[in-house]
Amino acid sequence: MRRYGKHTDEDDIRSRPNRKGNRPRTNIRPKHEDAAEGMVLTVDRGRLTCLVEDRPVVAMKARELGRKAAVVGDRVALVGDMSGKKDTLARIVRIEERSSVLRRTADDDDPYERVVVANADQLAIVTALADPEPRPRLIDRCLVAAYDGGLTPLLVMTKSDLAPPDKLLELYGDLDIPYVVTSREELESGGAADRVRDHLRGKITAFVGHSGVGKTTLVNALVAKERRRLTGHVNAVTGRGRHTTTSALALPLPDADGWVVDTPGVRSFGLHHVDPSRVIHAFPDLEPGTEGCPRACSHDEPDCALDDWVAEGHADPARLYSLRRLLATRERREGD
């Protein structure tokens, strides 16, 4: 039976009351065209410190962004209290498109991708020449992540007073990768910092490295004294460094001539997110040798042209070993 006649008016229609007394939900989101522009400097337990004009502003992510997370280096749009005063809180309502992304996973079997820093121009890979010993395979992994994410690599070798850089230079010196060799004495005198700073001017540079290589010590030598961070020491028994940097932090260079992003020390650098076909781009000394490879070559088979390329002296055999080791871990992951 029809409840209402043909000619009903609004008074005849029952409406369900809103028990909560709030406004009805809508899918239409505000555009926030008047939002302020900022850059994320650090993230701490859901609170993001952003640089808005010339002052730090603490903010939280708006619910409308969903699961999309902002990371250090992100350019964001903010609304709310932009005074930067104590106990004030702004809201991030938009994350702008990223020009580059440095990503890593805990290991090659971990599907959870971690974005380390966004919009960096350069990746400074810091390695000690001794105490702890250099790890070329970790350097290779960082190179893969840099090329895949759109960052230009820079190799920084520390503690040259403990060991010469000859072995690493044999592996990487001819790859057109810019590098700087530093010592503790030069860092204290300021000479090494000046040489590194020459490569950082006008750029956003993310610093990565194994724990204990002197990464944070180097960053402290580059920035103003009041912005320096705590440093640690290498364990004499294990040869490993102690984590003193627990979160990424963007710090300005003197005279606003660029930014450095100090990141926590890593003990592994997983590449689960990188397609195996793109790994070869991190080996510019080997890539030309793949022209003679058969179609869809895995670069670890009898007909691979890289064996002859290395045998002819075009590249170091250790580099081919490192490439194949990386690809082997990727293939095992794909086959799981």
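1. Strands β1 and β2 make a hairpin with 2 residues between them, and arginine 45, which sits in that turn, has a positive phi of about 50 degrees. Strands and helices here are DSSP runs numbered from the N terminus (strands: E, at least two residues; helices: H or I, at least four). This is a predicted model, in which local features need pLDDT of at least 70 and side-chain atom pairs count only at pLDDT 80 or more, while totals for chains, interfaces and linings use all residues. Residues are numbered from 1 along each chain as its sequence is written, and side-chain values use heavy atoms, with hydrogens and water left out.

2. Across the whole structure, 17 salt bridges are found, a salt bridge being a side-chain nitrogen of Lys or Arg within 4 Å of a carboxyl oxygen of Asp or Glu. One of them joins aspartate 74 to arginine 98, with the closest N and O atoms 2.8 Å apart. Because aspartate 74 belongs to the loop between β3 and β4 and arginine 98 to the loop between β5 and β6, the pair ties together parts that are 24 residues apart in sequence.

3. Which residue does arginine 319 meet in a salt bridge? The partner is aspartate 140, the closest N and O atoms being 2.7 Å apart. This pair links distant parts of the chain, with arginine 319 in helix α7 (residues 317-335) and aspartate 140 in helix α1 (residues 136-149), 179 residues apart. Arginine 319 is buried, with a relative accessible area of 1%, and aspartate 140 also counts as buried, at 3%.

4. A further salt bridge, at 2.8 Å from N to O, brings together the side chains of aspartate 194 and arginine 197. These two residues are 3 apart in helix α4 (residues 191-198), so about one helical turn separates them. Aspartate 194 is partly exposed at 40%, while arginine 197 counts as buried at 14% relative accessibility. Elsewhere, salt bridges with shared partners connect Arg103, Glu113, Asp148 and Arg278 in one network.

Technical notes:
Pairing = 2+ DSSP bridges. Buried < 20%, exposed > 50% of the residue type's maximum accessible area, 1.4 Å probe, protein only.
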